Structures are given as C-alpha cells and as structure tokens.
Amino acid sequence: MVPYANVVLLPAGTINLQETWILPADTRIIGEGSALTTIQPCTTTVCGGQAFSGPDMIDMGSSAICLGSNCQAVLIEHLGLNGGNVDGTNGIVNSSSQELSYVSDVSFTNIPGTALAVETINAVNSGPYSKLTMSNVGTCVNLNNTYGTRGIHGLTCAPATSSTAGVLVDGGNNTIEDVSISGTTSQDGILVGANLAAPNNVLFNVHGSTLKNVVHISALSTDTSVLGVTNLSGINTIEDDLTSPQTLLTDPTLAMYIVGEQVFSGVVTRFTTSPSFPTWLVGPNPGTSSCSIGSLYSATSGTSGTLFGCRGSSGTGSWHMIN
C-alpha cells in the first residue's frame with residue numbers, strides 16, 4: 001500500500017480556484033464523483049472581484065517543489081473539472097510526476113485549452129490515465145514530448161469544433177486503448193506525430209464518429225500499431241502519411257494496421273488486414289477471386305501450389321502461383 005502523506009477528500013459541490021492548484025508529492029485528491037464534485041475557475045462575480053489567474057487548473061507537481069523535478073505519487077480521482085470556457089484555461093497538466101501518479105474517473109468540460117496534458121520526460125512512468133470523459137474542450141489529451149507512460153485507458157472525447165484533433169501523440173512508447181471520439185469531418189480523432197517524433201505507440205480499440213480520420217499517422221511517426229478501429233460515420237478510418245503514396249483506409253472496421261520504419265526513401269514496412277491494400281491471406285485456395293495487387297495468399301489445400309501473389313496492371317489484380 002502506498003503511504004500518501006496528504007489525502008484530501010473533496011465534498012460534493014463546486015470548488016472555485018483563484019489560481020493553479022499545484023499538488024506536491026505523495027498527495028491524493030479524491031472527490032465524491034465526477035458528476036458530484038466540480039472544480040472550476042473563479043470569476044470576478046463569484047470570488048469577490050478575483051478572477052482565475054491560470055492557465056492550468058491543476059498541476060501534478062512542479063519543478064519548483066519537486067526534488068529532481070519528480071513529484072511521485074500524485075493521484076486525482078472521482079471529480080469533475082469545468083473550465084467555464086475561460087480563454088487559455090487547461091485542465092490537468094503533468095510535467096513533473098512520475099511513478100505512482102495517475103488520474104482516474106475525472107470529467108472535463110468547457111476547457112478551451114487542453115483537458116489533460118502529459119508533458120516532457122519528467123512524466124515518464126506516470127499513469128494510467130483512465131475513465132476520462134471530455135466534452136467541449138480544445139484538445140482532449142496531449143502526450144507532449146513524453147515517453148513511456150502507462151497509457152490512456154478508457155477515454156470518451158468530444159472536442160470543440162475548432163480543434164484539429166481530439167488526441168495528440170507527440171511522444172513514444174505509449175498505449176492508448178478503449179477510446180471513443182466524436183467530432184467533425186475536419187478533425188482527426190487521434191493524430192500521431194503532430195509536431196514531434198512519435199515512435200512505438202500502440203492504439204487499441206478506438207471508435208470514431210463524424211471525423212476526417214479516426215487515426216492519422218503523420219510522417220513523424222514510426223512503428224505505430226493500430227489494433228481494432230471502428231469508423232462509425234466519418235470519412236477515413238486511417239490516414240497514413242508515412243507511406244508513399246499516402247494511404248487512406250475507409251473500412252468501417254479494421255482489425256489491424258501496423259506501419260514500421262522507413263526502409264529507404266518512400267518505402268516503409270506495413271501490414272494490414274484491410275482487403276483494400278496489399279496483405280497476406282490464408283485459406284483453402286484463392287481460386288479466381290480478385291485481389292489487391294501486391295498481396296500474398298497461403299493456400300492450405302489443393303495441388304496447384306501453396307503460395308500465390310496478386311498481380312495486375314491497376315489497383316485490382318488476380319492470383320498467380322509463386323510455387
């Protein structure tokens with residue numbers, strides 16, 4: 001059991017902040033529930049002329065109060081943050097808390113900036129960030145230049161219409177799973193490698209609706225694995241800018257899309273279960289069925305060979321025996 005030096009139990013109701021609440025190491029903040037305990041910025045009317053100074057509502061530690069910029073064991077649970085649409089306001093920012101630090105069962109609403117920002121190497125090993133609900137926020141989650149978190153596990157995200165993406169992944173070795181994102185057809189659901197290199201990330205069980213791309217893999221991303229993605233009503237399920245030409249998948253459901261590193265200019269390693277792009281199939285025999293040029297087929301029965309390749313002069317070809 002973790003010995004938290006500071007345990008703060010917040011009652012049901014509204015708590016107004018005049019300035020950023022900076023949590024020191026070994027601190028646990030527990031509300032009555034995400035719909036019962038609400039933290040919001042002060043307004044001059046409510047707080048006797050004192051407006052919220054911001055920009056962050058809650059900081060998980062800071063370099064000024066943490067030894068080696070590491071405030072361990074900072075927990076935030078069972079409460080809601082309502083930014084009141086105050087310009088420039090962010091929700092929870094972690095740039096200084098590592099081991100034993102996490103956020104769970106928190107709702108975020110009306111936050112013009114970023115609802116949850118996990119930033120820099122000083123947030124390594126933090127998380128998981130779980131059971132998060134976000135609506136009308138600038139960006140739901142920004143993993144900004146941070147590597148090796150314990151991931152985002154359970155997120156419902158509805159960003160503001162002005163947002164470019166619901167989730168920004170600008171770091172590596174992170175997992176994002178059990179995510180539902182709804183937006184507009186000018187937005188990305190999850191954008192991997194928006195501004196910085198983003199290697200070795202895994203996205204699992206992602207549902208998107210009314211989006212331009214449920215998952216957008218930029219040219220700054222490498223070794224990205226997408227497992228189980230659903231496009232309910234948007235344009236593209238996946239946009240991959242690493243491949244040349246650019247890959248756009250519109251499959252309503254997709255079990256797997258994995259893209260590796262660049263082998264040489266314009267060539268990357270890739271595997272997908274989508275029948276619209278080259279893949280490796282297994283079955284009794286390909287017969288005369290059409291196929292995506294470049295695909296392979298391993299036949300498990302028959303006497304005419306076991307390995308077939310798909311070739312042709314346009315996007316759709318036919319099977320030809322290799323051996």
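**Close-up views of the predicted model**

At 9% relative accessibility, Y297 counts as buried in this predicted model.

**View 1. The aromatic pair Y297 and W319**. Y297 and W319 have ring centres 5.4 Å apart and ring planes at 70°; since planes over 60 degrees apart count as edge-to-face, so does this pair. One aromatic pair is present in the structure. Y297 belongs to strand β24 (residues 296-299) and W319 to strand β26 (residues 316-321), so the pair links parts of the chain 22 residues apart.

**View 2. The cis peptide bond between G54 and P55**. Omega of the bond joining G54 and P55 is about 0°. P55 sits in the loop that runs between β5 (37-41) and β6 (56-60). Most peptide bonds are trans.

**View 3. The cis peptide bond between S244 and P245**. Here omega is about 5°. The loop between β18 (236-240) and β19 (247-249) contains P245.

**View 4. N125, a residue with positive phi**. Phi of N125 is near 70°, and the residue is not glycine. Most residues other than glycine have a negative phi. N125 lies in the loop between β9 (102-119) and β10 (129-144). Its relative accessibility of 26% makes N125 partly exposed.

**View 5. N200, a residue with positive phi**. N200 has phi near 60° and is likewise a residue other than glycine. N200 is placed in strand β15 (residues 198-209). With a relative accessible area of 36%, N200 counts as partly exposed.

Key: Residues are numbered from 1 along each chain as its sequence is written. This is a predicted model: local features need pLDDT of at least 70, side-chain atom pairs count only at pLDDT 80 or more; totals for chains, interfaces and linings use all residues. Side-chain values use heavy atoms; hydrogens and water are left out. Rings of Phe, Tyr and Trp (its six-membered ring) pair if their centres lie within 6.5 Å; planes under 30 degrees apart count as stacked, over 60 as edge-to-face and the rest as tilted. Helices (H or I, at least four residues) and strands (E, at least two) are DSSP runs, numbered from the N terminus. Buried means under 20% relative accessible area, exposed over 50%, partly exposed in between (1.4 Å probe, protein chains only).
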